[in-house]
Amino acid sequence: MFAPRTTPWPLVALFTAGYLAPYLLPTTVGRLDSGLPLSATQAGAVGSALLLSSATAGFALASRVEALGARTLARLGLALALLGYGGAALTTAVPAVVAGAMVGGFGSGTATTVAATLIAAQRDPHRASTAGLLTVSALAGAVYLTVPHLGPGHGLPLAAIALTALAVWPLTGRLPAGTPAAPTRHHKARLPHARSGLVLAAAMLCWSLAQNSLWGVSGQIGLTQAHLGEATVGVVFAVALGAGLTGVLAAGALGARLGRAVPIGAGTVLIAGCIVLSASATDLTSFATGEIAWNTLYPVVLSYLIGLAASLDPRGRWAVLVGSASSLGTAAGPLAGSVLSAQAGFPVMGSILAAGLLVVALPMTAVALHTSGRPLLAGAIRRRGGHPAALVAAATGTPTGAVPEIGAREQQVVEIPVDAPAVPAQRAYDKAGSEVL
């Protein structure tokens, strides 16, 4: 019988704790603006500082997870998130809030780095990342529904992130003390697929910048341009994140049937249209339509991008580096969105962001086409221009996580030992040119 697929829930929980801060960015920035003596641009800058600190953790720790141990780093990241966000939630002194947000951001980035590294080592990275996106979307939606009814103040969304880190802490005992190590002779191997990885990292930086430029000011669009109340905006965000759950479920069901290029390229084009609609919204209908459609598509494309980055290196280095580059774009998003909207207005900002997304869709799709189609089984036929990664894995001892699943029809092969004399290999070929064993 085939071994059942199991979801690594401790890893999913760590993923959720790391990603929750970016998902709560609109309410965090909005509450910093309303609850502290900060302008909208200054509040956006604080959000950018938080996310920049998170990206810094990724770049600093990308190659150190194996040496320091996944469990140790995960606990360190969660502790920093608890102390940083918790401290920022309990004070109204602006310097202390900024410092706490940056400490918490470094903790979130550390948790995300460990999660990305371990996800890349999974037999099915897309499955693990999809489960993580489902969980963080559901939790963020619950926060958006709850926070407006708990009173004013900047501390509530920050406290929610801190409490999530505290709740995830007990699960770290089930994480490995270190990541699955590659064979010793490959321990210091150079990064594979260097050109594709660099192109993907640069494109992801711009892609995330566009996404979070809108996400960082979406609350302001709903409050000031669409003339909605905070509770109504919170409901829209919760419904939008719920729609995102549907999108992630669809992505998980679809798997790799269409490859990665179509979901990434076509999905980014559709997201650009959603951004234009949301940024130009002047009432509840247009605002809700744009936000819900956008949040349905965003996690779908993101899940394929995470899987694409994970497939470039079985040790997870590209997954972390690409994720950190994405975090840089995410970090710059709130400030960029605040500046663009203040100078040109929300509709013009949306058009500029959409144009940028259309440009970066091309290199991301090209990388997906170039690196997709890696076969599951050793000796399998190359498809869609991909490299025979499974054959290389069989020869070099690369961990099985290096070979992502490509189609639903491919199944795990179980070797059954048979006591029989060895048969000399034949070198005959059939009509299609494939070797006959």
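**Figure 1. The protein chain holds 16 helices and zero strands.** The model shown is predicted. Of the 437 residues in the protein chain, 51% are buried. The accessible surface comes to about 18800 Å², and carbon and sulfur atoms account for 68% of this area. Among contacts in the protein chain with a separation of 6 or more, 83% are between residues 24 or more positions apart.

**Figure 2. The largest nonpolar core has 103 residues.** Within this core, L200, W207 and M364 are the residues with the most contacts. Helix α13 (residues 284–311) supplies the largest share of the core, 12 residues. A second, separate core has six residues, among them A62, A116, A120 and A319. In soluble globular proteins, nonpolar side chains tend to be buried together.

**Figure 3. L200 and L308 are in contact with each other.** Neighbours within four places in sequence are left aside in this view. The contacts of L200 are then L305, L308, A309, L312, V322, M364 and V367. L308 is part of helix α13. With a relative accessible area of 0%, L308 is below the 20% cut-off and therefore counts as buried. Counted in the same way, the contacts of L308 are L200, R260, I264, M364, V367, A368 and T371. A261 is 47 residues from L308 in sequence, and the C-alpha atoms of the two are 9.6 Å apart in space.

**Figure 4. E230 and R31 form a salt bridge.** A search of the whole structure finds one salt bridge. The closest N and O atoms of E230 and R31 are 3.1 Å apart. E230 belongs to helix α11 and R31 to helix α2 (residues 25–35), so the pair ties together parts that are 199 residues apart in sequence. E230 is partly exposed, at a relative accessible area of 40%, whereas R31 is buried, at 3%.

**Figure 5. W215 and W294 form an edge-to-face aromatic pair.** The centres of the two rings are 5.6 Å apart, and their planes are at 70 degrees to each other. W215 lies in helix α9 (residues 194–215) and W294 in helix α13, and the pair links these parts of the chain across 79 residues. W215 and W294 are both buried. The count of aromatic pairs comes to seven. Y144, W215, F237, F287 and W294 are linked by ring pairs into a cluster.

**Figure 6. S218 is in contact with residues of the aromatic cluster, including F237, F287 and W294.** S218 lies in helix α10 (residues 218–225). The relative accessible area of S218 is 0%, so this residue counts as buried. E291 is also a contact of S218, when neighbours within four places in sequence are left aside.

**Figure 7. H227 has a positive phi of about 60 degrees.** H227 is not a glycine. Most residues other than glycine have a negative phi. H227 is located in the loop between α10 and α11. The relative accessibility of H227 is 63%, so the residue counts as exposed.

**Figure 8. L145, V235 and V239 form a nonpolar patch on the surface.** Together the three residues have about 240 Å² of accessible area. V239 is located in helix α11 (residues 230–254). With a relative accessible area of 43%, V239 is partly exposed.

Figure 9. L175 is buried, at a relative accessible area of 4%. W9 is 166 residues from L175 along the chain, with a C-alpha separation of 9.9 Å.

Notes
Residues numbered from 1 in each chain as written. Predicted model: local features only at pLDDT ≥ 70, side-chain atom pairs only at ≥ 80, totals over all residues. Heavy atoms only, no water. Patch = residues over 30% accessible without salt bridge, like charges linked within 9 Å, V, L, I, M, F, W, Y side chains within 5 Å. Areas by Shrake-Rupley, 256 points an atom, 1.4 Å probe, with all protein chains shown as cover. Salt bridge = Lys/Arg side-chain N within 4 Å of Asp/Glu carboxyl O. Helix = DSSP H or I, 4+ residues; strand = E, 2+ residues; numbered from the N terminus. Buried < 20%, exposed > 50% of the residue type's maximum accessible area, 1.4 Å probe, protein only. Core = buried A, V, L, I, M, F, W, Y, C linked by side-chain atoms within 4.5 Å. Contact = heavy atoms within 4.5 Å. Phe/Tyr/Trp six-rings, centres within 6.5 Å; stacked < 30°, edge-to-face > 60°.
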